[in-house]
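Here are a few exercises to work through with the model open beside you. Try each task before reading its solution.

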Amino acid sequence: MSGLKKTVIRAGLETLYFSGAHALMQPFVGGIGAIVTLHHVRPPRPDAFQPNQLLEVTPRFLERVVRKLRRQPIDLVSLDEMYRRLVEGDFKRRFVCVTIDDGYRDTLQFAYPILKAHEVPFAVYVPTSFPDRIGELWWLAIEAVVARNQRIVLLIDDQERGFECATVEDKHHVFDQLYKWVRSFRTEDELRRVVRDLSVRYQVDIAAFCEELCMSWEELSRLAADPLVTIGAHTVNHVMLAKTPERQARAEMAMSRSVIEASLGLRPDHLSYPVGDPTSAGPREFRLAAELGFKTAVTTRPGVLFPEHGGHLMALPRISLNGEHQQSRYVRVLLSGAATAMWNGFRRVDAA
């Protein structure tokens, strides 16, 4: 995320909080509940260059958030209970559902003990290639290439282009450029090919990230044994489904569920679309998830839940707990619905 964008978001959250506007708006835009999403939960790292920091929060921050939620008149519920309430129209109390994407090992090491201690149900969405140790965490590969080199050269539009990345400021600039470039590709295959070539050229082992960072099937099995934990599907290869042919997108969803069932003995009823923004999951993907029989499917489109979402269970929004904005007051603003209402132009459902 660019420095300007971070500054604008932070300024907006601060304004809504200190003006008290979030509290005034909540009765009108707060909805019936929210799904919050996390990725990494781990102690802060000392590295000066952390372009993916938005994907990680500290255990201390998570503890503060959970404690504050437990003191509020809010139910902390599982995905199945959220589904029941949406289908049955049971909106007597607001609720929050906690979800964690990707199945990183720090979920077991740091997030689980906190959530267990406070009896908080939560879901973990697993891309099955990660515990199978064949996944490609391409965003980390780009980070590693930029972090380890002072200059990199890429073939772009059949021309070699050099990027200077000697300083931390340069590295952030280059990472942002490369990330936006690969995300602009029309197909997932093209993105993967470019990142693989880049990794080979600069001796970054993409496969090593799975072994280092992601839970094994044995670790996932231990986690899944707790009734507090729901295991959800997150495709096989963590692909941006909208950038794949329909047959492949369907197979990614269906095979993810089948592999989890074969490995853990449970069949996931809930799905998370990788990346999850409108460029990664749209009406076609929502239709496929429904045809495959999932109860719910979550995006990363920002928003709280309204009764109308009972008719759009394959396109549920979430509130991201962003590692670059680890303030309890920001969580309060986000759960009030005020910030996301303004972001969405006060549109309650975004399923297009």
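**Exercise 1.** In this predicted model, find in which sense strands S7 and S8 pair, and over how many bridges.

*Solution.* Start with the ranges: S7 covers residues 151-156 and S8 covers residues 159-164. Next, follow the bridges between them; there are six, and the pairing is antiparallel. At one of these bridges, Ile156 has Gln159 in S8 as its partner. Finally, look at the connection: the two strands form a hairpin with two residues between them. Asp157 sits in that turn, and its phi is positive, at about 55°.

**Exercise 2.** Describe how helices H6 and H9 are placed relative to each other.

*Solution.* A helix pair is described by the angle between the axes and the distance between them. Take H6 as residues 138-148 and H9 as residues 206-213; their axes come within 9 Å and cross at roughly 110°. Angles of 65 to 115 degrees count as roughly perpendicular, so H6 is roughly perpendicular to H9. Now look at the residues that meet: Leu140, Ala141 and Ala144 come from H6, while Ile206, Phe209 and Leu213 come from H9.

**Exercise 3.** Locate His39, decide whether it is buried or exposed, and list what it touches.

*Solution.* Then check accessibility: His39 has a relative accessibility of 17%, and the cut-off for buried is under 20%, so His39 counts as buried. Last, set aside residues up to four places away in sequence; His39 then touches Leu55, Ile100, Asp101, Asp102, Tyr104, Asp106 and Thr107.

**Exercise 4.** Which residues have the most contacts inside the largest nonpolar core?

*Solution.* This core has 80 residues, and the ones with the most contacts inside it are Met82, Phe122, Met253 and Tyr273. Take Phe122 and leave out its neighbours within four places in sequence: its contacts are Val98, Ile100, Thr107, Tyr112, Leu115, Leu223, Leu228, Val229 and Thr230. There is also a second, separate core of 36 residues, which includes Val145, Val182, Leu198 and Ile206.

**Exercise 5.** How many disulfides does the structure hold?

*Solution.* The count is zero. With 0% relative accessibility, Cys214 counts as buried. Cys165, at 0% relative accessibility, counts as buried too.

Methods:
Residues numbered from 1 in each chain as written. Predicted model: local features only at pLDDT ≥ 70, side-chain atom pairs only at ≥ 80, totals over all residues. Heavy atoms only, no water. Disulfide = S-S within 2.5 Å. Buried < 20%, exposed > 50% of the residue type's maximum accessible area, 1.4 Å probe, protein only. Core = buried A, V, L, I, M, F, W, Y, C linked by side-chain atoms within 4.5 Å. Contact = heavy atoms within 4.5 Å. Pairing = 2+ DSSP bridges. Helix = DSSP H or I, 4+ residues; strand = E, 2+ residues; numbered from the N terminus. Axes fitted to C-alpha atoms, helices over the stretch in contact; angles between N-to-C directions. Parallel < 35°, antiparallel > 145°, perpendicular 65-115°, else oblique.
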